[in-house]
Amino acid sequence: MSNPIIDIGVNLMHRSFHQDRELVVARATENHVTPLIITGTSLRNSIEASRYAGRYPGKLYATTGVHPHDAKNCNEETITKIKELAALPQVVAIGECGLDYNRDFSPRDVQRKWFTEQVGLALELNMPLFLHEREAFSDFASILKENEVKKAVVHCFTGTVHELNTYLELGFHIGITGWICDERRGNHLKELVRRIPLNRLMIETDAPFLTPRDLKEKPVDGRNEPAFLPHILQTVARCVEKSVDEVAKATTETAREFFGI
Ligand SMILES: [Zn+2]
């Protein structure tokens, strides 16, 4: 495997990477996983992500936004700051933002308000959206439809066929993680991924979360990292019955085009 592949979702500023962040980036490059797009999940985290990405031009990029878990800490000032960060050359999308009614770490009306604000910002700046949805499909889809969003990736898609069809009809891109490697809860994805055209499909680790359950050599600490993306690529290629090279090339091209990198 030699085609470089892009990890579109790495929580590289997560505390579990504090000790060895540079090594994690180096191991990703050794495994042809480059560039990486660092997920911004809160204002503070987005500031750190863009700062860190700025040290590796062309190799690291970042998104900037507030995850629904953190929506309760948002105010108008937050949106102003996100807008400032979005102007940096290494910042390639607004997000991750969306709705999460699974954990409900922020009240639902508060989640909807700040999700809508970030959608508006992405439209104003003509930037792609990096989206998160858990058990909130109907409200989530309504907000995106009402705002006529077109350029968006639903990251870590784990939903139903109806949800997938809705996203594809809306013109969205889909991010697939190592969830698809999980024999307990990822089997439906193995079928669904076949419905995603290659020019809408991107791959991601969501590291340090979602370590693929079927890795041959499991990390001792259980931590996921971008160097494991080729494993996810292989699983996806098997599911769509195409060669690893073809899927690598296509998903890389799709990510480059989508994020403009
Ligand atoms: Zn997410």
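Helix H5 (residues 137-146) and helix H6 (residues 161-169) pack with their axes 12 Å apart and at an angle of about 10°. Axes here are lines fitted to C-alpha atoms, for helices over the stretch in contact, and angles run from 0 to 180 degrees between N-to-C directions. H5 and H6 are therefore roughly parallel to each other, a label given to angles under 35 degrees, whereas those over 145 count as roughly antiparallel, 65 to 115 as roughly perpendicular and the rest as oblique. The model is predicted, so local features need pLDDT of at least 70 and side-chain atom pairs count only at pLDDT 80 or more, while totals for chains, interfaces and linings use all residues. Residues are numbered from 1 along each chain as its sequence is written, and side-chain values use heavy atoms, with hydrogens and water left out.

**Helix packing**

- Helices (H or I, at least four residues) and strands (E, at least two) are DSSP runs, numbered from the N terminus.
- Between H5 and H6, the contact (heavy atoms within 4.5 Å) joins Phe137, Phe140 and Lys145 of H5 to His162, Glu163, Thr166 and Tyr167 of H6.
- The residues of this H5 and H6 contact comprise three nonpolar, two polar and two charged; Ala, Val, Leu, Ile, Met, Phe, Trp, Tyr, Cys and Pro count as nonpolar, Asp, Glu, Lys and Arg as charged, and the others, Gly among them, as polar.
- H5 also packs with H4, at an angle of about 30° and with the axes 10 Å apart.
- The H4 and H5 crossing is right-handed, the near helix being turned clockwise from the far one; a left-handed crossing has the near helix turned anticlockwise by less than a right angle.
- On the H4 side of that contact are Arg112, Phe115, Thr116 and Val119, which meet Asp139, Phe140, Ile143 and Leu144 in H5.
- Five nonpolar residues, one polar and two charged make up the contact of H4 with H5.
- Helix H3 (residues 76-86) and helix H4 (residues 108-125) have axes that come within 11 Å and cross at roughly 30°.
- H3 and H4 are therefore roughly parallel to each other, and their crossing is right-handed.
- H3 contributes Glu76, Ile79, Ile82, Lys83 and Ala86 to the contact, and H4 contributes Lys113, Trp114, Glu117, Gln118, Leu121, Glu124 and Leu125.
- By class, the contact of H3 with H4 has six nonpolar residues, one polar and five charged.

**Pockets**

- On a 1 Å grid over the protein atoms alone, a pocket is an open set of points with protein on both sides within 12 Å along at least five of seven lines, a cavity is a set of points where a 1.4 Å probe fits but cannot get out, and lining residues have an atom within 4 Å of a point.
- Grid points are joined across faces, edges and corners, and a volume is the space filled by probe spheres set on the points.
- The largest pocket holds about 890 Å³ of space.
- Its lining has 27 residues, and those nearest the centre of the largest pocket are Asn11, Thr41, His67, His69 and Phe209.
- Helix H2 (43-53), strand E4 (91-100) and strand E5 (129-134) each supply at least two residues of this lining, with H2 giving the most, three residues.
- Six nonpolar, twelve polar and nine charged residues form the lining of the largest pocket.
- The second largest pocket has about 200 Å³ of space.
- Asn31, Leu215, Lys216, Glu217, Ala227, Phe228, Pro230, His231 and Gln234 line the second largest pocket, with four nonpolar, three polar and two charged residues among them.

**Cavity**

- The count comes to one cavity of 30 Å³ or more, and the largest cavity has a volume of about 30 Å³.
- The largest cavity is lined by Val66, His67, Pro68, Ala71, Cys74, Cys97, Gly98, Gln111, Trp114, Phe115 and Gln118.
- E4 and H4 are the elements that give two or more residues to this lining, and H4 gives the most, with four residues.
- The lining of the largest cavity has seven nonpolar residues, four polar and no charged.

**Backbone geometry**

- Gly95 and Glu96 are joined by a cis peptide bond with omega near 10°, and Glu96 is in strand E4.
- The peptide bond between Ala207 and Pro208 is also cis, with omega about 10°; Pro208 lies in the loop between strand E8 (201-203) and helix H8 (229-240).
- Asp104, a residue other than glycine, has a positive phi near 55° and is found in the loop between E4 and H4.
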